[in-house]
Amino acid sequence: RLNIAMCLEDTWGGDITTAAIASMAHSTPQKYRFSSTDFNSYNSVCNADGSPQRDNGTFKASTEPGLGIQPRFDVLGDPVAVYKR
């Protein structure tokens, strides 16, 4: 083990990214968590319902299945690409 703390972030994002970051942060032992960022507080577009929200400087992962969010497909728009077998 390297015993190096992690900064749990993404290059940028919104509600879906923040849910993934919160989930990963909660599954990482606390002694290895340096920080994590709630990127959905950096913009005004909501692209999923149920995403973690900052409260007094902290945020937490949902207790719902998966990431605990419901994507807002009306906001996300049409897929950029679709892959089929």
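Predicted model: local features only at pLDDT ≥ 70, side-chain atom pairs only at ≥ 80, totals over all residues.
1. A pocket here is an open set of points on a 1 Å grid over the protein atoms alone, where a 1.4 Å probe fits, with protein on both sides within 12 Å along at least five of seven lines.

2. Residues are numbered from 1 along each chain as its sequence is written, and side-chain values use heavy atoms, without hydrogens and water.

3. Which residues line the largest pocket? They are Ala-22, Ala-25, His-26, Arg-33, Phe-34, Ser-35, Ser-36, Gly-57, Thr-58 and Phe-59, each with an atom within 4 Å of a point. β2 gives the most, with four residues; strands are DSSP runs of E, at least two residues, and helices are runs of H or I, at least four, numbered from the N terminus.

4. The largest nonpolar core is made of Leu-8, Ile-21, Ala-22, Ala-25, Phe-39 and Phe-59. α1 gives the most to this core, with three residues. Such a core joins buried (under 20% relative accessible area) Ala, Val, Leu, Ile, Met, Phe, Trp, Tyr and Cys residues through side-chain atoms within 4.5 Å.

5. Asn-56 deserves a look too: its phi is near 60°, a positive value in a residue other than glycine. Asn-56 sits in the loop between β3 (48-49) and β4 (70-71).

Terms used: Buried < 20%, exposed > 50% of the residue type's maximum accessible area, 1.4 Å probe, protein only.
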